[in-house]
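Student: I've got a structure open and I'd like to learn how to read it. Could you take me through it feature by feature?

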Amino acid sequence: MLDLLLDPAIRLWVVIPIVIITFCAGLCRHYAMQLLQTTPCLEKDVLIRNQLLQRSRLLRQNGKYLPSKAFYARKQYFVSDKTGVLTLKKEEHKDDTPENPMQDPSMMTGMLKAQAVNYVPMVVLMSLISWAFSGFVIIKVPFPLTIAFKPMLQRGIELSTLSASWVSSMSFYLTCVFGLRGLYSLVLGSSDYVDETTAMMQQQQAMSRQPQQPGKLYQSEWDALQVTSHDWALNPRSDDEDRLGALNDDLAKVEKDLLSKWRGH
């Protein structure tokens, strides 16, 4: 395989500019997504439903910290046969059709904006890098690679005799696009930065998520709360206390047997 000796000026005029251009483009894309991002406005019925179901779940999870009377009073408020909130809601929304998120125009507009912000700058930068730095071999990976890696690492260079360890400018740009996520998280903060892959996965999950019927949500929560019993966690009976109680019962039985035998004599 053909080996090369690179000019040190390539580091200053090709490698560093590609890294800077890619990093600045990523920052611009991040802030553009923040400017175009719209906060979804929840409807009143959806907000009431979510809060009601959340209150019922909290009662099931933390009801053990309430006294028995307080727990069953709250339980009756939710699942009473005639006046229970969940009982009335599940009957009211029994025949409602599930909400389809794909029919929400604001969601579709947000997805189109996100895709445009992600793909348009990438296409423009790929054209710019291909025009300004085409034909450059800029770095070499520090380990040997097989010929199967040539199409991935030497995009834009057609040299069959060149070693597969060399990387072209276009392949280096694509590596920077997906390899600077750690630097973005360091500069922008891990809580604020969301890379393109994560954003696309969130969009696909939102699209593939099946809409649920409100009546079934109320029914499932009503069933779960109906079978929940109260077990007060503030006065538990430990295993040691159980063993001690059993031991006391055995000692009392032995004492009664001895007293009965003594009285018999």
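This is a predicted model: local features need pLDDT of at least 70, side-chain atom pairs count only at pLDDT 80 or more; totals for chains, interfaces and linings use all residues.

Student: Okay, the overview. How many helices and strands does the protein chain have, and in what order do the elements run?

Tutor: You get 11 helices and two strands. Reading from the N terminus, the order is α-α-α-α-α-β-α-β-α-α-α-α-α.

Student: What percentage of the residues counts as buried?

Tutor: Of 265 residues in the protein chain, 29% are buried. The accessible surface is about 18,500 Å², and carbon and sulfur atoms own 60% of that. As for contacts between residues at least 6 apart in sequence, 75% of them join residues at least 24 apart.

Student: Let's zoom in on helix α2. How does its reach compare with the expected span?

Tutor: Helix α2 covers residues 44–62, 19 residues in total. From first C-alpha to last, α2 reaches 27 Å, close to the 27 Å expected at 1.5 Å a residue.

Student: Which residues of α2 are buried, and where do they sit around the axis?

Tutor: The buried ones are V46, R49, L52, L53, S56 and L59. Look down the axis of α2 and they fall within an arc of 160 degrees, so they line one face of the helix. Over on the other side, K44 and Q61 are exposed.

Student: What do the buried residues of α2 pack against?

Tutor: Three helices: α3 (68–79), α4 (85–92) and α10 (214–226).

Student: Pick V14. Which residues does V14 touch beyond four places away in sequence?

Tutor: V14 touches F133, F136 and I138.

Student: Last one: K150. Is K150 buried or exposed?

Tutor: K150 counts as buried because its relative accessibility is 12%, under the 20% cut-off. K150 sits in helix α6, residues 150–153. Its side chain makes a polar contact of 2.8 Å with the side chain of Q154. Leaving out neighbours within four places in sequence, K150 is in contact with R155, L159, S160, L162 and A164.

Methods:
Residues are numbered from 1 along each chain as its sequence is written. Side-chain values use heavy atoms; hydrogens and water are left out. Helices (H or I, at least four residues) and strands (E, at least two) are DSSP runs, numbered from the N terminus. Buried means under 20% relative accessible area, exposed over 50%, partly exposed in between (1.4 Å probe, protein chains only). Contact means heavy atoms within 4.5 Å. Accessible areas come from the Shrake-Rupley method with a 1.4 Å probe; for residues, only the protein chains shown count as cover. A polar contact is a pair of N or O atoms within 3.5 Å; within protein, one must be able to donate a hydrogen and the other to accept it, and residues adjacent in sequence count only if both atoms are side-chain atoms. The expected span of a helix is 1.5 Å times one less than its number of residues. The arc is that of the directions from the helix axis to the C-beta atoms.
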